[in-house]
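Try each task before reading its solution.

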Amino acid sequence: MSTKTLPAFRTNTPRTMPRKPAQRQDTVAGHGGFASKLTVNGLLVVGALYMVVPVLWLLFASTKNAADLYGTSAYALGNFALFENIAAVAAQDGGVFFRWMANSILYAGVGAVLGSLISVMAGYAFDKFNFRWKDSLFGFVLVGVLIPNTATVLPMYLLASVVGMTNTIWAVLIPVLCNPFGVYLARVYASSYVPSETLEAARVDGAGPIRSFFALGLPMMMPGYITIALFQFVGVWNNFMLPLVMLQDEQLLPVSVGISIWQGYAVPQPEFVPMVITGSLLSIIPLLVAFIMLQRFWKSGLTTGAVK
Amino acid sequence: MATQAPTAVPQPAAPQRRRSTASGTGGRTAALFLVPFFAVFAIAMVAPVIYAIVLSFYAQQKSGLGFGEAKTSFVGFENYLQVLESESFVTGIARLGLYCAIYIPCMVGGAVVFALLLDATVARARKLFQLLVFLPHAVPGVIAALIWAYLYTPGISPVVQALQGGGIQVNFLDAHMVLPAIVNIGVWEWTGYNVIILFTALQAVPREILEAARVDGAGEIRAALSIKFPLILPALSVIMLFTIIGTLQLFTEPSIIAKATPSITSTWVPNMWAYDAAFIRHNLNQAAAASIIIAALAAFLSLVVTRFSSRMNKS
């Protein structure tokens, strides 16, 4: 699994009544009885624990050295070895871990910023312009949405080896620019965020279509752009099969593939285990930070972009 | 234009895709906006698929990476037949079917229940719960599989330890348990994400309707089942679509878990089979045929899902 899927759609009701109604609903009929309150919230806590505990385990495990990892209770603190573990991660193979992190940031960053711009431009064009073969072209976009990413990885590798592009950053960077689902979403965002009258007014005032896209359309679609970019960032960061297939040079690997190599070492050499665990923790920090910082955007993006 | 994405599905991939340059108002400007996308689309999707189709009709007498052109011969559907007759490939498909049969009800069912609970009037701290259930989505598949691999490993895992304390001996990594164990990883990764989507859909259910139901004496559970649930069906069908496409991609999690247990073979699911064909058995033509079969299966299944859900939404 992985990649793809940032969905959006919504039922057949008028939009823009997010968040607030919840509040109102509480005051109107906020007496459900103590038992039901307990049941509902109890079940929510159980579900949330299931989601959180594995990540917490990672946090605790990364503070332990190999002996404590096997020796102490999972959620007890052993000798606090987090910084030693980080130092070991940093020292291994001449700091290759940070190279991997930088690669991931490069691949995911380019995919997010440039790939999403490409998608947003296309989606905007599908919504705002009339041109011949519009429907059939959009049909291709939808077919692209439905083809599983991993099914194209091997063919892409075969093609890349014909033109001699395997084991280069381009082998990873070019495919991540292609995000058909982003185009679909951008079309939805364009129709809900950018009023055609505004563009018409700009046209009357003498602005060309490119100018009005960058000056009006793009800023108005910014929450949608950030949502697409964020999910594309996560998708590329998660990408495993593509770089695994395309790249052999250890210096080019993204962190996902790099850590899986260490995991392979850890089978015969258990002293690698704390490094795998600590490296895993370090590698998810950028994503957690991005999600928490951009919460406002992805939530409003999922909400408002959620049109039919 | 409800659910126009899913309904307008595959016109078969006739390789006739050139953007419109002239004609139509704004044709030329539209082209400017569309060229970047369709250029990468052509490079990253169309060309590889076409090349894979071509490759899948040939076979190499002497297999080898890059230098086998000498004895390439056209073999028609021979590669497809070999793939489909391969016991390990067929087993992989069956295993994937079993995976779906467990995974989809668990994950989608779990997401629906959690979203309905979150939308219940008595629920508290909704924002916090949303953030917490969404947390696993910020964890890459590789890392999620790694975490769970350790949580399944006796000696490290608090889960195994706790179960042993309760007198239950489970080896999550043995041949019988490893499939459910991998289902669990998928459930963990994707439930929260879909909760957010369903919760968003639930928030859009007009409060007047719920109010009216309450006045008519419908309890909270009744309202959830007979009013809220039908209204989020369109959202559910989209989730089903993406879930099915997603499960066909299954590769990362079993590949990672495979390093922790011999129960997972190198051809465990179709994608791993194709990878193995390309890089271990060095049969690129077969790998290409397998990839095409997987893509065709995905297209077929999404067609079925969209047909089914559009019929359901009509009735």
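**Exercise 1.** Is G92(B) buried or exposed?

*Solution.* Before counting, note that this is a predicted model, where local features need pLDDT of at least 70, side-chain atom pairs count only at pLDDT 80 or more, and totals for chains, interfaces and linings use all residues. Residues are numbered from 1 along each chain as its sequence is written, while chains are lettered from A and ligands numbered from 1 in the order in which they are written.

Step 1: recall the cut-offs, with C-beta atoms placed from the backbone: a residue is buried if 20 or more other C-beta atoms lie within 10 Å of its own, exposed if 12 or fewer, and partly exposed in between. Step 2: count for G92(B), which has 22 other C-beta atoms within 10 Å, so G92(B) is buried. For context, 46% of the 315 residues of chain B count as buried.

**Exercise 2.** Place G92(B) in chain B and list its contacts beyond four places in sequence.

*Solution.* Step 1: G92(B) sits in helix α4 (residues 87–119) of chain B; helices (H or I, at least four residues) and strands (E, at least two) are DSSP runs, numbered from the N terminus. Chain B has 14 helices and 2 strands. Beyond its neighbours within four places in sequence, G92(B) then touches T267(B), W268(B), V269(B), P270(B) and W273(B). Step 3: look at W268(B), 176 residues away along the chain from G92(B), with 5.5 Å between their C-alpha atoms.

**Exercise 3.** Describe how α5(A) packs against α2(B).

*Solution.* Helix α5 (residues 96–128) of chain A and helix α2 (residues 27–56) of chain B meet at about 135°, their axes 8 Å apart. Step 2: classify the angle. Under 35 degrees is roughly parallel, over 145 roughly antiparallel, 65 to 115 roughly perpendicular and the rest oblique, so α5(A) is oblique to α2(B). Step 3: identify the residues. The contact includes M121(A) and Y124(A) of α5(A), with F33(B) and F37(B) among those of α2(B). Step 4: sort by class, with Ala, Val, Leu, Ile, Met, Phe, Trp, Tyr, Cys and Pro as nonpolar, Asp, Glu, Lys and Arg as charged, and the others, Gly among them, as polar. The contact of α5(A) with α2(B) has 11 nonpolar, 1 polar and no charged residues.

Methods
Two residues are in contact if their C-beta atoms, placed from the backbone, lie within 7 Å. Axes are lines fitted to C-alpha atoms, for helices over the stretch in contact, and angles run from 0 to 180 degrees between N-to-C directions.
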